[in-house]
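User: I have a model open and want to go through it with you. Can we take it topic by topic?

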Amino acid sequence: RPFFLEGSDIFDFGLGTGEDIRAFFSRRIGLLSGREVPITAGLKLIGRESGTNFGALVVRTRNVDTLPSGNTLGAIRLRRNIFRESSVGIIASAGDPLGRSGSWLAGADFTYQSTRFRGDKNLLVGVWALGTDREGLTGNRSAFGAKIDYPNDLWDLSAGYRRVGDGFDPSLGFVPRPGIQSFNLSVVYQPRPRRRILGLPVRQMFNEFFNTLITDLGGRWESYRVFTAPINWRLESGDRIEFNFAPAGERLTEPFEIARDVTIPAGSYHWVRWRLEAGFASKRKVSGE
C-alpha cells in the first residue's frame with residue numbers, strides 16, 4: 001500500500017467530487033472481488049516542477065485462478081498552477097482489472113481560487129468533466145459537475161451540482177451511485193456575540209443549514225436530507241450546546257432486501273431525526289435523540 005499511497009494527493013481531481021466520484025481509485029489495483037491480485041511490477045513517477053504537479057503510474061498484475069486479472073493498468077495526472085492561486089488539469093487512465101477491452105477514462109478540471117476576494121475573503125469555483133468507455137458499457141458514459149465555495153469566518157457558503165451518467169463506470173475509478181443528479185447547498189452563519197445569550201457567555205454561534213437532493217437523470221427525486229441546526233453554541237468555557245433536526249427521505253424503485261427474509265417494499269419513505277446534545281470541556285457528554 002505505501003507504493004500506492006505515497007503522493008496519492010497528486011491524483012486528486014475536481015473540486016466537489018469528494019467521495020462520490022474518484023476518477024482514479026488505486027484500490028482497484030491489486031484487489032478484485034475481495035481477493036488479492038498479485039502484482040508483477042509497478043512504476044510510479046510523481047513530482048512538482050515550476051508550477052506543474054504531475055503523476056504517472058503503471059502496474060502489471062497476474063492472473064488469479066480462472067480470473068483474467070493479468071493486465072497492464074495505468075493512470076496519469078497533470079495539474080498546472082495558473083493566475084495566482086488557481087489551477088487547470090487533466091487526468092487519464094487505461095486498462096481494466098478484468099481485461100475488458102477498450103477501457104479508458106479521460107477528464108479535465110479547472111479550479112479558480114482566491115484569498116483576496118472582496119479584499120480578504122476566500123473563494124473557490126470549480127468545474128470538471130469526465131468520460132469513460134470499455135467493452136460492454138452502454139448508456140451515458142460521462143460525468144460533470146461544478147461547485148462554488150465561500151469558506152469564511154462569518155459566512156461559510158457553498159453550492160454544488162453533479163451529473164453522473166447511468167453508464168459511467170470507470171474501470172480504475174470509483175462511483176457508488178451512477179445515473180443521478182446531485183444538488184448540494186450549505187449555509188453556515190458564525191457570529192461571535194458581544195453579549196451574553198440567554199445568560200450564557202457564548203464564544204461563537206454556528207447556525208447551520210445543509211441540504212442534499214439526489215434525483216435520477218429525468219429529475220425525479222430519489223433521496224434528500226435537510227440538516228438544520230438553529231442552535232450550535234460554543235461557550236467561553238469550551239462547553240457546547242446543540243439542537244438540530246434533519247428531515248430525510250428515500251424513494252425505492254424496487255424492493256430492497258436488507259437481510260435474509262427482510263425486504264423493504266418499493267415506495268417513498270420519509271423520516272425526521274431530532275438531536276439535542278451538550279458537550280463539556282471536561283470531556284463529559286450528554287445527548288439525546
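User: How do the residues of the lining of the largest cavity divide into nonpolar, polar and charged?
Analyst: This is a predicted model. In the lining of the largest cavity, five residues are nonpolar, three are polar and one is charged.

User: Which residues line the largest cavity?
Analyst: The lining is made up of R28, I29, G30, L31, V37, T61, S69, L73 and P97.

User: What volume does the largest cavity have, and how many cavities of 30 Å³ or more are there?
Analyst: Its volume is about 40 Å³. The count is one cavity of 30 Å³ or more.

User: Let's step back to the whole chain. How many helices and strands are there?
Analyst: The protein chain has one helix and 19 strands. Its C-alpha trace spans about 70 × 60 × 40 Å along the principal axes.

User: What share of the residues is buried?
Analyst: Of the 289 residues in the protein chain, 37% count as buried.

User: Salt bridges next. How many in the whole structure?
Analyst: The search finds 16 salt bridges. One of them pairs E19 with R22, with the closest N and O atoms 2.5 Å apart.

User: Is E19 exposed or buried?
Analyst: E19 is exposed, at a relative accessible area of 53%.

User: What about R192, which residue does its side chain meet in a salt bridge?
Analyst: R192 meets D153, at 2.6 Å from N to O. R192 sits in the loop between strand 11 (180-189) and strand 12 (202-205), while D153 sits in the loop between strand 9 (142-151) and strand 10 (155-164), so this pair ties together parts that are 39 residues apart in sequence.

User: And how accessible are R192 and D153?
Analyst: R192 is partly exposed, with a relative accessible area of 45%. D153 is also partly exposed, at 46%.

User: Where does E242 come in, which residue is its salt-bridge partner?
Analyst: E242 forms a salt bridge with R240, and the closest N and O atoms are 2.6 Å apart. E242 is buried at 11% relative accessibility, and R240 is buried at 19%. Salt bridges with shared partners join R240, E242, R275 and E277 into one network.

User: Why does R240 count as buried at 19%?
Analyst: Buried means under 20% relative accessible area, so R240 at 19% falls in that class.

User: Now backbone angles. What is the phi of R118?
Analyst: R118 has a positive phi of about 55°, and R118 is not a glycine. As a general point, most residues other than glycine have a negative phi.

User: Where is R118 placed?
Analyst: R118 is in the loop between strand 7 (104-117) and strand 8 (121-133). R118 is exposed, with a relative accessible area of 67%.

User: I also flagged D261. What is its phi, and where does D261 lie?
Analyst: Phi of D261 is near 65°, again positive in a residue other than glycine. D261 lies in the loop between strand 16 (256-259) and strand 17 (262-264). At 73% relative accessibility, D261 is exposed.

User: Last topic, the surface. Which residues make the nonpolar surface patch of about 380 Å²?
Analyst: That patch is made by F83, Y112, V125 and I148.

User: Where is F83 found, and is F83 buried or exposed?
Analyst: F83 is in the loop between strand 5 (72-82) and strand 6 (86-94). F83 is exposed, with a relative accessible area of 66%.

Note on methods. Residues are numbered from 1 along each chain as its sequence is written. This is a predicted model: local features need pLDDT of at least 70, side-chain atom pairs count only at pLDDT 80 or more; totals for chains, interfaces and linings use all residues. Side-chain values use heavy atoms; hydrogens and water are left out. Helices (H or I, at least four residues) and strands (E, at least two) are DSSP runs, numbered from the N terminus. Buried means under 20% relative accessible area, exposed over 50%, partly exposed in between (1.4 Å probe, protein chains only). On a 1 Å grid over the protein atoms alone, a cavity is a set of points where a 1.4 Å probe fits but cannot get out, and a pocket is an open set with protein on both sides within 12 Å along at least five of seven lines; lining residues have an atom within 4 Å of a point. Grid points are joined across faces, edges and corners, and a volume is the space filled by probe spheres set on the points. Ala, Val, Leu, Ile, Met, Phe, Trp, Tyr, Cys and Pro count as nonpolar, Asp, Glu, Lys and Arg as charged, and the others, Gly among them, as polar. Patches are made of residues with over 30% relative accessible area and no salt bridge: like charges are joined within 9 Å, nonpolar side chains (Val, Leu, Ile, Met, Phe, Trp, Tyr) within 5 Å. Accessible areas come from the Shrake-Rupley method with a 1.4 Å probe; for residues, only the protein chains shown count as cover. A salt bridge is a side-chain nitrogen of Lys or Arg within 4 Å of a carboxyl oxygen of Asp or Glu.
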